[in-house]
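Hi everyone, thanks for making time this morning. I'd like to walk you through one structure, so please have the picture open while I talk.

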Amino acid sequence: MKAFLPTICLMFLTVFSSQAQTNAPAASNPFPSISTLTTWASLNSQSQFDIAIRAVGFKFEVKEPGEGSTAYTYIRKVTVNEVNYTDRIVYRITNNNSASIISLVTASTDLVSLYTPQLATFKNNNCKTEMSKDKNTTCSCYESVNFAIDLCDERVKLTMGDGNKYFVSVAKK
């Protein structure tokens, strides 16, 4: 009887611990598709963009008025493989609502691998952006009739080693 009780307890412990591991939430970090980003860039309305971006977990951080345009920055905190990241997305709209740019910056997900296949129908151009001139940054620039898209991978020095920061910009022409 003394051996029976510990055996039963061990069985329950095994069953419940394996169940807990099976039901653990997977780390997810959903990013909007290129199609979604181009749709958002076409909105020409910060209030509509605000509703859309909050649906993927971003929260409003700051509004920065500038000459000819206003930028609205949103952030979200994510944890991927037990590492904390802050993703940023900036919606910049001209004061006359004629054009908008959406810029997404993250270190939490490889945006180059995520977005490159989605840009197969876009024309690949020679990059002339400021970021592409940096020796630590690799950029690919794409264009369609209505949009210009820059996709960059920037090697950054971190306090605990090297890392990458990814950047995608979708500009409505």
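Let's begin with the rings: there are four aromatic pairs in this structure. Before I go on, please keep in mind that this is a predicted model.

Phe 60 sits in strand S1, residues 59–65, while Tyr 74 is in strand S2, so here the pair ties together parts that are 14 residues apart in sequence. Phe 60 has 36% relative accessibility, so this residue counts as partly exposed.

If you step back, ring pairs join Trp 40, Phe 49, Phe 60, Tyr 74 and Tyr 91 into a cluster. There is one more ring to point out, that of Phe 31. The charged end of Arg 76 sits over the Phe 31 ring, 4.7 Å from its centre.

Let me give you the overall layout now. The protein chain has four helices and eight strands. Along the sequence they follow the pattern α-α-α-β-β-β-β-α-β-β-β-β. Of the 173 residues in the protein chain, 35% count as buried. And if you take the contacts between residues at least 6 apart in sequence, 46% of them join residues at least 24 apart.

The largest nonpolar core has 27 residues, and the ones that touch the most other members are Leu 37, Ile 89 and Tyr 115. Which elements give two or more residues to this core? They are helices H2 (34–43), H3 (46–54) and H4 (111–115), together with strands S2 (69–80), S3 (83–94), S4 (100–106), S7 and S8 (161–172). H2 provides the largest share, with four residues.

Setting aside neighbours within four places in sequence, Tyr 115 is in contact with Phe 31, Pro 32, Ser 33, Ile 34, Leu 37, Leu 104, Leu 151 and Val 168. There is also a second, separate core of five residues, and among its members are Cys 127, Cys 141, Cys 152 and Phe 167. Hold on to those cysteines, as I'll come back to them.

First, a quick look at H2. The buried residues in this helix are Ile 34, Leu 37, Thr 38, Trp 40 and Ala 41. Looking down the axis of H2, you find its buried residues within an arc of 160 degrees, so they line one face of the helix. Just after H2 comes Asn 44, with a positive phi of about 55 degrees.

Back to the cysteines, then. How many disulfides are there? The count comes to two. One of them is formed by Cys 127 and Cys 141, with 2.0 Å between the sulfur atoms. That link is right-handed, with 120 degrees about the S-S bond. It connects distant parts of the chain: Cys 127 is in the loop between strand S5 (123–125) and strand S6 (137–143), Cys 141 is in S6, and they are 14 residues apart. Both Cys 127 and Cys 141 are buried.

The other disulfide joins Cys 139 to Cys 152, again with an S to S distance of 2.0 Å. Here the torsion about the S-S bond is about 110 degrees, so this disulfide is right-handed. Cys 139 lies in strand S6 and Cys 152 in strand S7, residues 147–158, so the pair ties together parts that are 13 residues apart in sequence. Cys 139 and Cys 152 are both buried.

What pairing do you get by numbering the bonded cysteines in sequence order? The pairing is 1-3, 2-4.

Methods. Residues numbered from 1 in each chain as written. Predicted model: local features only at pLDDT ≥ 70, side-chain atom pairs only at ≥ 80, totals over all residues. Heavy atoms only, no water. Disulfide = S-S within 2.5 Å. Buried < 20%, exposed > 50% of the residue type's maximum accessible area, 1.4 Å probe, protein only. Core = buried A, V, L, I, M, F, W, Y, C linked by side-chain atoms within 4.5 Å. Contact = heavy atoms within 4.5 Å. Phe/Tyr/Trp six-rings, centres within 6.5 Å; stacked < 30°, edge-to-face > 60°. Lys NZ or Arg CZ within 6 Å of the ring centre and 35° of its normal. Arc of directions from axis to C-beta.
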